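My notes follow in the order I took them.

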Amino acid sequence: IYHDTALLAFVSGLPDGAQRVANLGHLHDRARQFESFNRPTVARFLHFLGGIEDEGDIGMPAVAGTATNAVRIMSIHKSKGLEFPVVILPDLGKGFNLRDAETKLIVDDCVGIAARVVDADKEVHYASIGAVLAQAEVRRKALAEELRVLYVAATRAKECLILIGTGVAGSIDAADAEWSSHRGAIDAGDVLAGGCMLDWILPASSVVEATAPGSFDRHEHTAADVEAWADALLVRRAPDAAAGLIANLKPLLGPVRADAVAKGAIDRLSFAYPFDKMTGEPAAASVTNLTKRGKSFVVSDPGRRTAVKVAAGSLHLPRCVEQTGRTRPEDVGTATHALLQRLDFARAQTVEDLHKQAVELVAKRFIRKDLLRAIDYDGVAWLLGTELGRRMRDAAPGALVREVDVVYAAPREDDPTGGDPRDRVMVRGRLDAMLIGPDGVHVIDYKTDRVSSEAVATRAEFYEGQIAAYGEAVTRIAGVPLVAATLAFITPRVLRTVGAATRSEA
């Protein structure tokens, strides 16, 4: 049919014609394969093709190159269904990728969902029985797939198969010593213990060589041998005067004729990207990092020394390995914010009730148990007794919003693009609370800094940029005016309203 209708010539002129011709040739090869079956009818042929498709062995045939005597480099999956006189399989010493069996949550169609056991108190996790079973099953299936891939690759060769892999020196002798007396199939346990394809090929070659000598032509080469091959393949030219000058980075003798191609290459190599500074800027940043970057505040240590604390510090060690056992300031702040976020204002009247609500939050895993004593309950009770606290307590439903996620686009500092709206940084933050009234929004930010009342003014300057950014974001997003922005310092018991009308309430 192809010959009588000139179908191959016709489809070769269509878009992606070479692939279309390869597909039709692949169909022809399948038809010749089916021709040897008993009773080759059209219906049985269609059923035969459907079976191949169900088995996943009907991949897209590769397009043959224009040269028949050529080397083709392809993946093993691309070679499926093809044959070549000589096949070279390199990198057989590369370890298998078994990362799917090392995850904390393993999903397997036989075992099901298996998770590791998590000890929240000790902050550790370890494998459960289900996780061990699922890990073994996932590993077995992964190795079965690797073995199938090796089979597909090895059966592509018609005349010669060359297997290349790196391993420990003396691997062939070690394999012969262990496997030359073995007969029959290799045990499943030994197959599952393999870490790379070479761990399967060497024992198999030892067994075959012991029973049928000459089946494998095995050689070991050292690193020095490989380097010698590279030196032998290099084509060296006799150096001339110009090459010597170029090699020593010296200018050529005599005038150099202008060349547009050379000038273009030089211009490309010496090109300086005008927005290089922007490549180091993050696409997203927190409000804290943007407003506190480069700032610091003084922490006094009476009688001994005075230190400067910088906003952007190094990361702490994990609690499970830190030996000090001390409570960090940020942990105290997190626990206090969690209490204020979920505080039931209808109950919050006394210090005892505040502590009782904190215990309930510990039971619900909102607050760590070891941080119960670190919360300044007297300071929180003071805050609730202020005018601001009474307004928060008496606010109508929906008028008090706590722990508000704020996300907005902000122009970059020293933007060389001239403030292009498409080139802005995404700013993320979380506002502690805001009161929504008929005149606008009152933004509130809790601070757990342990400072004296006299030092509040200096510390407030450190936070002014942060709360101002929150106020601006709320105004831009909600489209309502900002009535006030208040920093609530709980431990020194000071309310400081930031803005044009700065005031304090103690």
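**Charged pairs**

I started at Glu360, which is partly exposed, with a relative accessible area of 32%. For burial I used these classes: buried is under 20% relative accessible area, exposed is over 50%, and partly exposed is in between (1.4 Å probe, protein chains only). This is a predicted model, so I kept local features to pLDDT of at least 70 and side-chain atom pairs to pLDDT 80 or more, while totals for chains, interfaces and linings use all residues. Residues are numbered from 1 along each chain as its sequence is written, and side-chain values use heavy atoms, with hydrogens and water left out.

Which residue forms a salt bridge with Glu360? I found Arg347, with the closest N and O atoms 3.3 Å apart. I count a salt bridge when a side-chain nitrogen of Lys or Arg is within 4 Å of a carboxyl oxygen of Asp or Glu. Arg347 sits in the loop between α13 and α14, and Glu360 in helix α14, so the pair ties together parts 13 residues apart in sequence. Helices (H or I, at least four residues) and strands (E, at least two) are DSSP runs, numbered from the N terminus. Arg347 is partly exposed at 28% relative accessibility.

I counted 14 salt bridges in the structure. One of them joins Asp108 to Lys141, with 3.0 Å between the closest N and O atoms. This pair links distant parts of the chain: Asp108 is in strand β2 (residues 105-108) and Lys141 in helix α5 (residues 129-154), 33 residues apart. Asp108 is buried at 7% relative accessible area. Lys141 is partly exposed at 27%. I also noted a network of salt bridges that links Asp108, Asp109 and Lys141.

Glu137 lies in helix α5 as well. Is Glu137 buried or exposed? Its relative accessibility is 17%, so I logged Glu137 as buried. Leaving aside neighbours within four places in sequence, Glu137 is in contact (heavy atoms within 4.5 Å) with Asp108, Cys110 and Val111.

Arg368 forms a salt bridge with Asp370, and their closest N and O atoms are 2.8 Å apart. Arg368 is partly exposed, at 25% relative accessibility.

**Nonpolar cores**

I define a core as a set of buried Ala, Val, Leu, Ile, Met, Phe, Trp, Tyr and Cys residues joined through side-chain atoms within 4.5 Å. The largest nonpolar core has 30 residues, and Leu339, Leu343, Ile367, Met392 and Tyr446 touch the most other members. At least two residues each come from α13 (329-341), α14 (351-363), α15 (377-385), α16 (387-394), β11 (425-437) and β12 (440-447). Helix α15 gives the most, with five residues.

I then looked up Met392. Apart from neighbours within four places in sequence, Met392 is in contact with Phe345, Leu400, Leu435, Ile444 and Tyr446. Another core lies apart from the largest one and holds 27 residues, including Tyr408, Val451, Tyr470 and Val494.

**Cysteines**

How many disulfides does the structure hold? I found zero, a disulfide being a pair of cysteine sulfur atoms within 2.5 Å. Cys160 is partly exposed, with a relative accessible area of 32%. Cys196 is buried at 8%.
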